[in-house]
Amino acid sequence: MPRTEKSALRRLQQSWARGPDVDNADGVRRSITSIGGSSYKCPDGSQPENEVKIISGVLGAPSSVTSIQVHNLLKLFKIPQISFFSTSPDLSNRERFPYFLRTIPSDVYQAEAMVELVIRLGWKYVSVVYEESSYGILGFNEVEKLLKEKDICLATTEKLLKDSGQATDHGYDVIVDRLVKKTHARGVIIFASDQEVGELMKAVRRKRVTGRFAWIGSDGWGARGLAFKDNEEEVEGAITVQPLAEEVRGFRDYFFSLRPATNTRNPWWVEYWEQFFSCKYPGSTVTPFNRDYSRVCTGEEQISDDNGFEMEAQLQFVSDSVMAFAHAFKDMHHYYCGGKLGVCTAMTKFNGDLLKQYLLKVKFTGLSGQEFSFLPNGDGPSRYRILNFRRTSSGSYEWATIGYYKNGHMDLSSPPQFKVNETLHPESVCSKPCGRSQYMVPFPGDPCCWTCKDCTQYEYLVNKLKCEECPMGTVPSYNMTDCIPIPQKYLHYRDVIALAAMTFASLGIITTSFVIVVFLRYMDTPIVKASGRELCFVLLFGIFLCYAMTFLIVSKPSLYTCGAQMIGLGLCFSMCYSAILTKTNRIARIFRAGKRTTKRPKFISPESQLVICFSLVGGELIVSLVWLLISPPAAVPFYADRADHQLVCQAAVGFSYMIGFTYPILLVIVCTFYAILTRKIPEAFNESKHIGFTMYTTCIIWAAFVVIYLSTAHSMQIRTATVCFSISLSATVALICMFAPKMYVILLRPERNVRQSMLKATAASATSTSPGGGGGGTSSCNMEMTQRMYPSGSFSSAYSTSATQTHSNGNSVSTQTLDSVEREFDDDDVEL
């Protein structure tokens with residue numbers, strides 16, 4: 001390094017102790033103008049010829065305002081600048097300050113540490129006091145931004161006068177009054193300097209609110225005497241952040257050894273000596289500060305810790321800035337000069353951009369013992385000490401280190417103390433957080449305070465300020481942040497009511513299967529033939545389907561099960577009642593024709609009966625297919641009430657199932673009508689009585705079913721079970737009434753399942769006549785029925801007395817009609 005630059009650097013170095021402020025642009029300007037000059041003179045008094053050297057770099061300034069002014073000049077010549085105390089966030093802007101670096105961290109990181117303390121204390125509602133300066137305003141902007149990001153509310157913000165004037169006691173009192181009005185905001189952040197904070201604490205004492213507030217402070221007043229001396233009770237409990245700096249090793253002893261006679265390179269040392277010892281040094285210039293000193297300094301006074309000396313706590317940042325330049329020059333010299341002594345030619349041609357690159361890459365252990373390197377943006381490392389002003393057990397006060405904040409992470413080694421008798425810091429919350437199922441209603445004009453209101457049972461929290469009702473079929477989750485589906489209910493196979501319905505249906509299926517097997521086994525016997533075998537099997541198959549429908553109905557609703565139900569419910573009933581209707585219609589037509597003509601009725605053969613029966617069933621199929629086209633099957637959710645969520649077939653909702661039941665109901669009504677018409681036919685045709693009883697019972701079951709079905713719309717499970725039991729009961733009635741008498745004869749009275757046994761009783765009845773009209777008519781009718789039981793012509797040879805018989809009611813039936821019915825069967829058929 002050129003000698004002239006070394007001389008300039010020596011002039012810029014100074015002893016950083018409690019002394020006069022040298023932070024001014026004039027001092028910087030004088031230092032710059034002396035660079036390139038020389039302290040040597042020729043014997044004749046003239047200046048020696050010397051090439052003027054350029055400025056390689058600049059150290060300083062302490063304050064951010066001065067550093068900004070200096071850098072505006074230096075950046076024109078691309079001269080790097082390292083400051084040791086300038087903390088303004090603006091100086092981190094690489095576009096505005098491309099050649100500015102600093103060894104102290106930016107206030108941005110200080111604001112982060114202060115907000116982290118607020119979070120650790122659990123505060124949600126705080127006030128902020130800041131000074132009217134670049135330091136205070138920029139610091140407040142960072143704090144305010146971070147508080148908003150963390151959802152911490154500002155109760156009030158107050159500004160302490162500084163740059164625009166000096167505040168009066170009344171001004172500080174007004175600020176304290178405003179702070180007190182925010183009764184819930186006991187936490188206060190102060191981003192200001194020590195002198196302003198000291199005056200604020202005095203106002204706190206004047207307003208008698210000592211202990212009312214808990215302070216979080218910036219490095220501008222933390223551990224500084226002007227802020228806390230004589231204000232210990234008001235400051236007690238304060239937590240402040242301070243850039244982490246250790247004492248420069250050896251500097252204390254060096255400083256204590258300095259004397260005015262030997263420290264001639266520091267132009268301010270004599271003035272500092274006079275101020276520290278309150279004496280006038282011989283030969284010094286008279287100033288407003290030393291003119292009142294009567295004692296003369298000897299120059300041998302001793303500076304020590306015992307006579308009031310306090311070392312600047314952040315001297316490390318000054319030494320780090322000097323060391324940063326030294327290491328950068330050393331690295332450059334090693335690269336360009338290869339380790340040769342002196343400054344080589346290659347090194348004299350570098351520019352500020354190159355030096356800045358070497359500065360950003362330096363990494364060393366400073367004189368304080370801490371590792372140092374610049375951040376990528378040129379700021380010093382983010383390292384802070386967390387201090388807590390507390391009262392000790394002996395009654396004295398101290399600034400205790402309770403933790404550190406490094407690189408965005410805070411580590412507290414001990415909890416902060418508020419008061420001796422109240423160790424925990426007070427809450428600073430306007431309104432406590434609402435409960436899990438509550439939303440906030442902010443106070444008018446103060447959105448940071450609110451009341452809490454409960455959401456209703458089926459509402460969830462859209463955000464902190466609003467509840468909305470969950471959609472049908474859902475309920476709020478436990479934390480009320482969203483809605484979760486209500487488990488769907490449907491009739492399971494394992495449900496008790498489903499088990500009962502399936503058990504009943506299973507017994508019916510077994511019984512029906514048994515009847516079918518018996519009828520197949522005895523299908524050529526007289527009683528099976530006389531019952532109309534074909535229609536009986538259609539009826540039994542319909543009954544079987546009725547029982548089987550139970551298993552389909554209790555299955556989980558789906559597209560296919562719902563579609564099968566829409567077809568199956570009406571189809572099974574239609575098969576049953578179409579067969580019964582065909583039977584009753586045939587009997588009615590036979591006896592109605594016998595009253596009017598001797599011709600046999602049409603369409604009474606087995607083939608014709610099957611065609612008629614399946615034509616009636618086809619009507620139900622047409623209805624079901626049209627229904628499927630108009631309203632396709634689907635499994636849909638159903639909500640009987642707000643807390644309900646059932647999975648049902650769409651057709652089960654409302655009265656849609658009645659569409660499928662309408663046609664079978666019509667068949668039942670017609671069957672019942674025919675049953676009434678044929679209730680008085682001859683005894684040999686007693687199946688009509690069984691049909692009549694079946695229809696009467698079925699009407700009662702269906703009447704009850706319709707009432708229950710319409711009144712159970714709230715519970716699809718009960719409605720489904722009702723359908724199952726109604727279908728099974730209807731099938732059971734038909735099975736018992738239509739087939740029990742026949743099964744009794746076939747299985748228990750096989751002797752009656754022959755033509756002779758049936759004809760014997762009928763013939764005896766036919767031969768007994770009475771003179772009255774009542775008895776004779778019945779006997780004549782029985783005689784004609786008996787004739788049907790014989791082969792063609794056999795009855796006329798035995799009984800040829802009359803061609804026409806008369807009933808007790810005076811109506812006559814043509815024997816020829818009965819004979820014509822007989823011819824529809826083979827010789828073995830017997831019609832009952």
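This is a predicted model: local features need pLDDT of at least 70, side-chain atom pairs count only at pLDDT 80 or more; totals for chains, interfaces and linings use all residues.
Two packed helices are described by the angle between their axes and the distance between the axes. For helix 6 (residues 169-181) and helix 7 (residues 194-206), the axes come within 9 Å and cross at roughly 70°. Angles of 65 to 115 degrees count as roughly perpendicular, and helix 6 and helix 7 are therefore roughly perpendicular to each other. The crossing of helix 6 past helix 7 is right-handed. On the side of helix 6, the contact is made by Asp169, Tyr172, Asp173, Ile175 and Val176, and helix 7 contributes Glu196, Glu199, Leu200, Ala203, Val204 and Arg206.

Turning to the aromatic rings, the structure holds 27 aromatic pairs. One of them joins tryptophan 269 and tryptophan 273 in a tilted arrangement, 6.1 Å from centre to centre with 55° between the planes. These two tryptophans lie four residues apart in helix 11 (residues 269-277), so about one helical turn separates them. Tryptophan 269 is buried, at a relative accessible area of 2%, and tryptophan 273 is buried too, at 0%.

Another pair, phenylalanine 389 and tyrosine 397, has ring centres 5.4 Å apart and planes at 10°, and is therefore stacked. Here phenylalanine 389 is buried, with 1% relative accessibility, whereas tyrosine 397 is partly exposed at 24%.

Trp269 and Trp273 also belong to one aromatic cluster, whose other members are Phe251, Tyr254, Phe255, Phe256, Tyr272, Phe276, Phe277 and Phe309.

Definitions and conventions
Residues are numbered from 1 along each chain as its sequence is written. Side-chain values use heavy atoms; hydrogens and water are left out. Axes are lines fitted to C-alpha atoms, for helices over the stretch in contact, and angles run from 0 to 180 degrees between N-to-C directions. Angles under 35 degrees count as roughly parallel, over 145 as roughly antiparallel, 65 to 115 as roughly perpendicular and the rest as oblique. A crossing is left-handed if the near helix is turned anticlockwise from the far one by less than a right angle, and right-handed if clockwise. Contact means heavy atoms within 4.5 Å. Rings of Phe, Tyr and Trp (its six-membered ring) pair if their centres lie within 6.5 Å; planes under 30 degrees apart count as stacked, over 60 as edge-to-face and the rest as tilted. Buried means under 20% relative accessible area, exposed over 50%, partly exposed in between (1.4 Å probe, protein chains only).
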